[in-house]
Amino acid sequence: MNQVNETSAKLESDFFRSLSRLAEHYKIEPFAKSDNYKFPYNINLAISDIKGKLKKNVLNFHSLRFKKENDKFYVVSEERCDTGATLFYIPVIPLFRMLNDKKRKKTAHLLLSVFSYLYHIADIPYYRQEGSYLYYEYEILKDWIMDDPYEDEEDNRVSEIEIAEWVGDKIEQKIYNRENLTFFDQRIAHFDAKDDFDTNCLILAQKTLAIYREYPDASIFRNASSMFDEDEEYLEDQIIPMEKYISFYADNKGWLAETVFESVNNQFQEYSETQEPALIQCFDGQKNETKDLAFEERLFELLHDLTDLIYDYRQLSDEKQ
C-alpha cells in the first residue's frame, strides 16, 4: 500500500471512529457504513447524514467540521445560541418610575430582585460603569451636544442625558444591594397580584429565581464564542462582542434612545459576525463534558420577557396620563 492509500485509510478509520463517539454523545443513530460506498464518497454521505440528524435532534446545532491535528483526524461539532441580531438592552428609567408609582411599588420590588440577579449573577453590563460599551456611547453623545454651537439652556437633549445619568446612578445603587437576592423568594411568596401586569411580573420573577437556583454562579458570558481565529488573531473589527449588544441602558423612549440605537446599529453594520454563546466538542477520544446551552436559552428568553413587560408598563403609564 503506498503512502497516499495509507493516509486515506487512516483518515477513513479515524473519521468513522470519531463519528461513532459523536453519535454516542448526542444519542443519535450513527451512519450505517456500507461496502457499496467507497472513500471519500462514504465520508461525504456520512457527514450529510449526521448533519441532518443533528439539526433534527440538537436544539442549538450550528456546524460540523473535520479537523486534522498532527496525525489525527476527528470531527468537531459546534452548538450556538442564535441571538437573532437582537439588542438585549434593558431600560432602567421605567423601573425608577415604577418605584415611585404607589400602585406598583411592590411590583417594582419584585423587578428589583430580577435586575439585581441580572447585575450580580448573570453579569449584565451596566451603562454607568466606566469601561462599558454604552457608557462610552453616552459620553460621545454628551460631548457632541456640549460642543454644539446651537445648544442652549432649553435643549431637551441635555436634559435627557442628565436624567439618564442621574437615574442610572440611583438604580445602580438599588440593584447593587444584595438584599434584593436575599429576600427574592420572600418577595415572590408574599406578592399579591392585582391585575394581569402584576401576574406577568410575578411569573417573570419566578422564572428568574428558578434560573438563579439552578445556575447560582452562571454568567451570560460563560460560553461566549472565541474572538480569535485559528491563527490566534483577535478579530475585534469583524465580530460584535456580546458585551456590546447585552446591557442595561437608560430608556427605550425619546431622542436619546433613538440616537443610541441609531449609533449602535450603524456600527454593527460594519461587522460580519456576532459573538454568541457556543459549545465546541472535539470527538478525538478525549472525554467530553456533558454541557448544554439551556441556561443561555432561558436567560435570553427572560431578557425578551423583561423588556416586553417594561414596554407594557410604559403603555399602562401613558394610558393613566
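Which residues does Ser113 touch, not counting residues up to four places away in sequence?

Modeller: This is a predicted model, in which local features need pLDDT of at least 70 and side-chain atom pairs count only at pLDDT 80 or more, while totals for chains, interfaces and linings use all residues. Residues are numbered from 1 along each chain as its sequence is written, and side-chain values use heavy atoms, with hydrogens and water left out.

Ser113 touches Asn180, Leu181, Phe184 and Arg187, with residues up to four places away in sequence not counted; contact here means heavy atoms within 4.5 Å. Ser113 itself lies in helix 4 (residues 105-120). Helices are DSSP runs of H or I with at least four residues, strands are runs of E with at least two, and both are numbered from the N terminus. With a relative accessible area of 0%, Ser113 is buried. The classes are buried under 20% relative accessible area, exposed over 50%, and partly exposed in between, with a 1.4 Å probe and protein chains only. The side chain of Ser113 also makes a polar contact with the side chain of Arg187, at 2.9 Å. A polar contact is a pair of N or O atoms within 3.5 Å; within protein, one must be able to donate a hydrogen and the other to accept it, and residues adjacent in sequence count only if both atoms are side-chain atoms.

Beyond the four places on either side in sequence, Phe184 touches Leu110, Ser113, Val114, Ala205, Thr208, Leu209 and Tyr212.

Charged pairs can be considered next. Side chains of opposite charge can pair when their charged atoms come close. The structure holds 15 salt bridges, each being a side-chain nitrogen of Lys or Arg within 4 Å of a carboxyl oxygen of Asp or Glu. One of them joins Asp14 to Arg17, with the closest N and O atoms 3.1 Å apart. Both residues lie in helix 1 (residues 3-26), three residues or about one turn of the helix apart. Asp14 is buried at 7% relative accessibility, whereas Arg17 is partly exposed at 43%. Lys10, Asp14 and Arg17 are linked in a network of salt bridges.

A further salt bridge connects Arg80 and Glu276, whose closest N and O atoms are 3.2 Å apart. This pair links distant parts of the chain, 196 residues apart: Arg80 is in strand 2, and Glu276 is in the loop between strand 6 (273-274) and strand 7. Arg80 and Glu276 are both buried.

Three strands form an open, antiparallel sheet in the order 1-2-7, two strands being paired if DSSP finds at least two bridges between them. Strand 1 (61-69) and strand 7 (278-282) are at the edges with a single partner strand each, so one side of each has no neighbour in the sheet. Strand 1 and strand 2 (residues 72-80) run antiparallel and are joined by eight bridges; Phe66 has Val75 in strand 2 as its bridge partner.
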